[in-house]
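Here is a brisk report on one protein chain. Look over the sequence and the model first.

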Amino acid sequence: MSRLQGSPSLKRKRQDLALVSESLTDGERILYNLIHSKKDLGIWTGDMKRETNLPDNVVKKSLKLLQSKNLIKEVVNIQNKGRKHYMAAEFEPSKEITGGDWYSEGSLDTDLINLIKDVCLKYIFRQKVVTRDGVLEWSTKSGVFSAEVTTQQIEEILRTLVLDDEIMEVKSTGFGDFASVPVGRVCYKCKSKGGVRGEQKASAMASIPCGVCPRINFCTPDGIVSPKTCVYFQKWLDF
């Protein structure tokens with residue numbers, strides 16, 4: 001089969017889209033095709049009006065009808081919660097829209113974050129020195145978390161604990177506590193006594209936190225994540 005002919009599944013998708021288009025009014029069809037083309041990023045209503053030049057009342061009516069037909073859905077964009085954002089029903093929002101693993105229904109899941117931070121900190125204290133992969137392997141084998149935790153999540157938690165001044169990021173020397181870690185490998189040591197978060201430390205952060213911030217890609221001057229609301233950035237300024 002040639003590439004021009006395409007696969008059977010691709011043909012079915014095209015046929016399904018064609019059938020959908022036939023049942024829509026001109027305004028609905030224009031909006032649906034635009035929304036569908038944005039895939040997992042979706043599109044804001046303001047951009048719909050700008051790109052289609054459709055009257056405001058047509059856009060509102062068409063969106064309502066498309067939703068009633070279960071062709072599109074409204075999703076929460078964490079960077080602009082006040083704006084109505086729509087996506088074709090067959091797609092799931094990308095991390096740029098949802099905020100990633102740490103967000104649930106558009107809100108930061110602080111309970112999950114604090115749970116993982118506490119568990120990881122206690123493990124680091126017991127082990128004295130750990131690597132990111134070591135923490136991930138332990139969490140997977142032990143089943144300490146009810147849900148699967150990804151490499152990125154563990155990395156972000158470790159960075160957050162560094163920002164909280166609970167642990168320090170160092171490189172293995174290959175001696176003493178570092179004997180089991182290859183020389184030069186990035187690893188982490190616990191700074192608090194007993195592996196308990198929230199203890200007072202002798203010194204504050206000495207470098208700007210933005211470089212290791214796990215949410216840096218979502219940080220904008222007026223966004224949900226911003227320097228104005230960042231507690232770590234304020235701590236650095238106060239220091």
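## Basis

This is a predicted model: local features need pLDDT of at least 70, side-chain atom pairs count only at pLDDT 80 or more, and totals for chains, interfaces and linings use all residues. Residues are numbered from 1 along each chain as its sequence is written, and side-chain values use heavy atoms, with hydrogens and water left out.

## Overall chain

The protein chain has nine helices and eight strands. These are DSSP runs, numbered from the N terminus: helices are H or I with at least four residues, strands are E with at least two. Of its 239 residues, 36% count as buried, meaning under 20% relative accessible area with a 1.4 Å probe, protein chains only.

The chain exposes about 14700 Å², an area from the Shrake-Rupley method with a 1.4 Å probe. Carbon and sulfur atoms supply 52% of it. Among contacts (heavy atoms within 4.5 Å) with a separation of 6 or more, residues 24 or more positions apart account for 55%.

## The sheet β6-β8-β7

Three strands form an open sheet in the order β6-β8-β7, with antiparallel pairing. Two strands pair if DSSP finds at least two bridges between them. β6 (129-130) and β7 (167-171) stand at the edges with a single partner strand each, so one side of each has no neighbour in the sheet.

Five bridges join β7 to β8 (residues 186-190). Ile167 has Cys190 in β8 as its bridge partner. Helix α8 (residues 151-163) packs on this sheet and touches β7 and β8. The direction of α8 makes about 110° with that of β7. Axes are lines fitted to C-alpha atoms, for helices over the stretch in contact, and angles run from 0 to 180 degrees between N-to-C directions.

## Helix α6 on α8

Helix α6 (residues 110-127) packs with α8 at about 75°, with their axes 10 Å apart. The two are therefore roughly perpendicular, a label for 65 to 115 degrees. From α6, Ile113, Ile116, Lys117, Cys120, Leu121 and Ile124 meet Ile154, Ile157, Leu158, Thr160 and Leu161 of α8. By class, this contact has nine nonpolar, one polar and one charged residues. Nonpolar covers Ala, Val, Leu, Ile, Met, Phe, Trp, Tyr, Cys and Pro; charged covers Asp, Glu, Lys and Arg; the others, Gly among them, are polar.

## Helix α2 on α4

The axes of α2 (residues 26-37) and α4 (residues 56-68) come within 9 Å and cross at roughly 70°. α2 and α4 are therefore also roughly perpendicular to each other. The residues of their contact divide into eight nonpolar, two polar and one charged.

How values were computed. Buried means under 20% relative accessible area, exposed over 50%, partly exposed in between (1.4 Å probe, protein chains only). Angles under 35 degrees count as roughly parallel, over 145 as roughly antiparallel, 65 to 115 as roughly perpendicular and the rest as oblique.
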